[in-house]
Amino acid sequence: MGSVLLQASWALFGVSFLVLGLRLFADLKFMRTFKLPSFFTLLGILLGLAAQILITYSVHWGLGSHIEGLSLKQIEMTMTYIWHAQPLQLLANASGKLAIATLLVTLHGPKFAKAKSIFIWTVAATQTIIVIIAIAMIYAQCDPVQKLWRVSLPGSCDGRERNTKWAYLQGGKDIHH
């Protein structure tokens, strides 16, 4: 199952990378500029690429396979890569939202321009702060942090219930935006 999803995700990433390449080409060739929306889009793609590479390693170690067929080392390696991919995925998503925010700020009309800009940047800043908090919460849920991916390590993961509630809150926030 993991390899099928991996093939699909790499194919979709390739399409995204092609579209970004065309956009950057148009920016540089025709507009003769590299604006902030393009920067955040490029940053998002690069963060997504880094996450995709980590997910590929995770699939190599067993992500998508039945856990009963995996050794403890395979489980821990799979978890290592997947836990390190999550913050990159969140940051890639936030970067995409910042790209949209910067584009919207340049597109709004002159009527209430300052108020619109303040509103857009407030929403963008709030979402970015929520992502940063989520990343901190991911790594703060276990003590020591390595227990996230090394299940055999002594310690505790008392923050998982808190993180589940935070994820529901963040999911609800995304539905309303």
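Helices here are DSSP runs of H or I, at least four residues long, numbered from the N terminus. Keep that in mind as you tour this predicted model.

**Stop 1: helix α5.** Select residues 160-176, which form α5. Now pick out Glu161 and Lys165. They sit 4 residues apart in α5, so about one helical turn separates them. An α-helix has 3.6 residues a turn, so residues three or four places apart point the same way. Show the side chains. Those of Glu161 and Lys165 meet in a salt bridge, at 3.4 Å from N to O. Side chains of opposite charge can pair when their charged atoms come close. Are Glu161 and Lys165 buried or exposed? Both are exposed. The salt bridge count comes to 1.

Stop 2: Step back to Pro144, in the loop between α4 and α5. A cis peptide bond joins Asp143 to Pro144, with omega about 0 degrees. Most peptide bonds are trans.

**Stop 3: helix α4.** Select residues 113-140. This helix has 28 residues, and at 1.5 Å a residue they should span 40 Å. Check the end C-alpha atoms: they are 40 Å apart, which agrees. Next, colour the buried residues of α4, among them Ile120, Ala124, Gln127, Val131 and Ile138.

**Stop 4: Arg32.** Where is Arg32? Look in the loop between α1 (2-31) and α2 (36-61). Phi of Arg32 is near 55 degrees, a positive value in a residue other than glycine. Most residues other than glycine have a negative phi. Arg32 counts as exposed because its relative accessibility is 71%, and exposed means over 50%.

Key
Residues are numbered from 1 along each chain as its sequence is written. This is a predicted model: local features need pLDDT of at least 70, side-chain atom pairs count only at pLDDT 80 or more; totals for chains, interfaces and linings use all residues. Side-chain values use heavy atoms; hydrogens and water are left out. Helices (H or I, at least four residues) and strands (E, at least two) are DSSP runs, numbered from the N terminus. The expected span of a helix is 1.5 Å times one less than its number of residues. Buried means under 20% relative accessible area, exposed over 50%, partly exposed in between (1.4 Å probe, protein chains only). A salt bridge is a side-chain nitrogen of Lys or Arg within 4 Å of a carboxyl oxygen of Asp or Glu.
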